[in-house]
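Please read the explanation below with the structure open beside it.

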Amino acid sequence: GGRDGGGSRAGDEIAGLVGAASLRGGAGYGARAPYSPLGEVGLAALRHSVARQGGEVVSTTRYQSTFQGIEEGARAYAAEHEAAEAIAPIQAVLLADQGQALQSAAAYLAYFDVSPQSTRFFGPGTWNDPGSTKEIALHGGWFAGPDQRLKQAFDSRYEATYGAAPH
């Protein structure tokens with residue numbers, strides 16, 4: 001487990017986000033996950049948490065973390081998502097990835113008409129990096145992480161007290 005992007009922290013984060021999403025009334029979920037430890041943990045946490053909340057994971061795809069794998073996976077997911085949406089709305093889609101692969105996965109979903117405006121994207125705290133937070137397709141998505149205003153206030157107080165930024 002641990003905190004290396006493939007452990008129990010990610011699973012706990014995803015469970016918490018599913019709990020928050022279920023409070024908003026959604027029951028249908030989708031997932032895109034790479035063939036990686038983070039992808040395995042993400043899917044397991046999603047399935048377990050959604051079942052506990054009485055929801056259903058109605059659409060999932062796995063992909064290789066290559067340019068071609070991400071694109072092909074997004075195309076396949078978009079078709080599956082559209083078919084599932086015809087039966088019941090998908091409230092949120094887990095993107096269990098990080099870094100450039102996450103950014104590409106989100107951008108390709110938007111390109112293939114899985115819109116972040118109609119379906120909320122969410123994921124673990126690995127989303128909390130400057131590149132991912134700048135990706136337009138991830139704007140409005142949910143991820144586990146500190147409130148940036150509170151973090152900046154803490155960092156300012158720390159630096160004022162100790163003369164250096166926290167590390």
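In this predicted model, Gly 30 stands opposite Val 93 in E3. On the other strand that pairs here, Gly 30 stands opposite Ser 59 in E2. Strand E1 covers residues 28–34 and strand E3 covers residues 92–95; the two run parallel and are joined by four bridges. Another of the pairs between them is Ala 31 with its bridge partner Leu 94 in E3. E1 is also joined to E2, again in parallel, by seven bridges. Ala 33 belongs to this pairing and stands opposite Arg 62 in E2.

These pairings are part of an open sheet. Five strands form it, in the order E2-E1-E3-E4-E5, and the pairing is parallel. Its edge strands are E2 (56–63) and E5 (142–143), each of which pairs on one side only. Helix H2, residues 37–52, packs on this sheet and touches E1, E2, E3 and strand E4 (120–123). The direction of H2 makes about 175° with that of E2. Together, E1, H2 and E2 make a right-handed β-α-β unit.

Is E1 buried or exposed? Seven of the seven residues of E1 are buried, so the strand is largely enclosed by the rest of the structure. In a regular strand, side chains alternate between the two faces of the sheet. Both faces of E1 are covered. Gly 28, Gly 30, Arg 32 and Pro 34 are buried on one side, and Tyr 29, Ala 31 and Ala 33 are buried on the other.

The next topic is how two helices meet. Two packed helices are described by the angle between their axes and the distance between the axes. For helix H1 (residues 8–23) and H2, the axes come within 8 Å and cross at roughly 35°. The crossing in which H1 passes H2 is right-handed. On the H1 side, the contact is made by Ala 10, Gly 11, Ile 14, Ala 15 and Val 18. On the H2 side, the residues include Leu 38, Val 41, Gly 42, Ala 45 and Leu 46, and also Ser 49, Val 50 and Arg 52. What kinds of residues make up the contact of H1 with H2? They divide into nine nonpolar, three polar and one charged.

Helix H4 comes next, with two of its residues as examples. Gln 103 is found in H4, which spans residues 99–111. Gln 103 is buried, because its relative accessible area is 13% and the cut-off for buried is under 20%. Leaving out residues up to four places away in sequence, Gln 103 touches Asp 129, Gly 131, Ser 132 and Glu 135.

Leu 109 is also found in helix H4. Leu 109 is buried as well, with a relative accessible area of 0%. Which residues is Leu 109 in contact with, leaving aside its neighbours within four places in sequence? They are Arg 32, Ala 74, Tyr 77, Leu 95, Val 114 and Phe 121. One of these, Arg 32, is among the buried residues of E1. Arg 52 lies 57 residues from Leu 109 along the chain, and the C-alpha atoms of the two are separated by 27 Å. Arg 52 is one of the residues that H2 brings to the contact with H1.

Conventions. Residues numbered from 1 in each chain as written. Predicted model: local features only at pLDDT ≥ 70, side-chain atom pairs only at ≥ 80, totals over all residues. Heavy atoms only, no water. Buried < 20%, exposed > 50% of the residue type's maximum accessible area, 1.4 Å probe, protein only. Contact = heavy atoms within 4.5 Å. Pairing = 2+ DSSP bridges. Axes fitted to C-alpha atoms, helices over the stretch in contact; angles between N-to-C directions. Left-handed = near helix turned anticlockwise from the far one by under 90°. Nonpolar A, V, L, I, M, F, W, Y, C, P; charged D, E, K, R; others polar. Right-handed = clockwise from strand over helix to strand, strands pointing away.
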